[in-house]
Each structure stands twice: as C-alpha cells, then as structure tokens.
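The following note sets out, point by point, what may be read from the coordinates under review. Each point is kept to one topic.

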Amino acid sequence: MDTTKVIHQAKLNSWADLIREQQASSMNVTKFCEAHSISKSQFYYWRRRITEQFVESQLPDIIPISPPIPDTSCTTFKSCPTHTTISALSALKLTINDITIEINEDTSDFLLAKVIKAVRNA
C-alpha cells in the first residue's frame with residue numbers, strides 16, 4: 001500500500017471515530033462540529049466517504065460477462081438461439097438484501113442515474 005493510501009485510510013479511521021462519537025452523543029451535527037472546531041461540510045464529506053467505502057466493501061466483486069459471439073449464419077432474428085440469448089441479456093435484475101432493482105432497455109438514462117445516486121448515498 002502506498003503512502004497516499006495509508007494517509008487516506010488513517011483519515012478515514014479518524015473521521016469514523018468522530019462520526020461514531022457524534023452519533024453516540026446527544027448533540028446534533030451543528031453543535032458537535034462547533035464543539036470540535038470542524039466544519040459541517042467536512043463532517044458530511046467524510047461521513048459520505050466512509051459510507052461509500054463501507055458499501056463498496058460489502059458489494060461482491062463484479063465479474064465481467066462477455067456477450068456471446070453472434071452466429072452469422074442466422075437468417076431470422078426469432079429463430080436464432082444466439083440472438084435470443086443477446087435479447088435475454090438486455091435486462092438486469094440486481095438484488096441486495098431486501099432491495100431489488102430491475103433495469104431493462106426501456107429504463108431511461110435519467111432514472112438509472114437517479115437510482116445509482118440513491119444507492120451511492122444509501
């Protein structure tokens with residue numbers, strides 16, 4: 001692990017301790033930040049970074065899937081098993097704990113971006 005990563009991890013650990021301390025206290029974020037001479041934006045930034053790191057550590061490794069090589073001997077779309085397989089790959093269903101997200105070719109880019117942002121900030 002290089003020096004930059006070690007320093008970053010040390011900051012994450014330090015901020016994680018501060019965030020746990022705030023959560024265990026009776027103070028809201030504003031009062032806690034004032035008492036510890038830190039800005040609210042710093043507090044929220046590091047809380048988001050810690051949450052992101054936790055979520056990433058809980059997600060399984062992503063294994064790339066190569067699409068099948070199209071069979072050029074197919075003459076019609078419906079009768080070709082290769083094209084049927086490609087069509088089946090145009091939908092995605094992701095289930096993590098109690099949450100299921102289904103994405104297909106009709107899912108708008110806008111909705112997909114909103115879902116990704118919501119998952120990141122969860």
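1. A salt bridge is here a side-chain nitrogen of Lys or Arg within 4 Å of a carboxyl oxygen of Asp or Glu. By that criterion glutamate 52 and arginine 48 form one, with their closest N and O atoms 3.9 Å apart. The distance of 3.9 Å is therefore to be read against the cut-off of 4 Å. It should be kept in mind throughout that the model is predicted.

2. Both partners of this pair belong to helix H3, which covers residues 40–58. Because glutamate 52 and arginine 48 are four residues apart there, about one helical turn separates them. An α-helix has 3.6 residues a turn, so residues three or four places apart point the same way. Glutamate 52 is partly exposed, at a relative accessibility of 24%, and arginine 48 is likewise partly exposed, at 38%.

3. How many salt bridges does the structure hold? There are two. Aspartate 17 has a relative accessible area of 45% and is partly exposed.

4. As to the overall architecture, the chain has five helices and two strands. Their order from the N terminus is α-α-α-α-β-β-α. Of its 122 residues, 11% count as buried. Among contacts with a separation of 6 or more, 31% join residues 24 or more positions apart.

5. The geometry of helix H1 can be checked directly. With 22 residues at 1.5 Å a residue, H1 should span 32 Å, and its end C-alpha atoms are 32 Å apart, which agrees. The buried residues of this helix are Leu12, Trp15, Ala16, Leu18, Ile19 and Gln22.

6. The side chain of glutamine 22 reaches the backbone oxygen of methionine 27 at 3.0 Å. Beyond its neighbours within four places in sequence, glutamine 22 is in contact with Met27, Asn28, Val29, Phe32 and Phe43.

7. The backbone of serine 37 deserves a separate remark. Its phi is near 55 degrees, a positive value in a residue other than glycine. Most residues other than glycine have a negative phi. Serine 37 is found in the loop between helix H2 (29–35) and H3. With a relative accessibility of 67%, serine 37 counts as exposed.

8. Isoleucine 96 belongs to strand E1, residues 92–96. At 37% relative accessibility isoleucine 96 is partly exposed; this value may be set against the requirement of over 30% for a residue in a patch.

9. Which helix contains valine 119? Valine 119 lies in helix H5, which comprises residues 109–120. Its relative accessibility of 42% makes valine 119 partly exposed. Valine 119 and valine 55 are 64 residues apart in sequence, while their C-alpha atoms are 9.0 Å apart in space.

Notes: Residues numbered from 1 in each chain as written. Predicted model: local features only at pLDDT ≥ 70, side-chain atom pairs only at ≥ 80, totals over all residues. Heavy atoms only, no water. Buried < 20%, exposed > 50% of the residue type's maximum accessible area, 1.4 Å probe, protein only. Contact = heavy atoms within 4.5 Å. Polar contact = N/O pair within 3.5 Å; in protein donor to acceptor, adjacent residues only side chain to side chain. Expected span 1.5 Å × (residues − 1).
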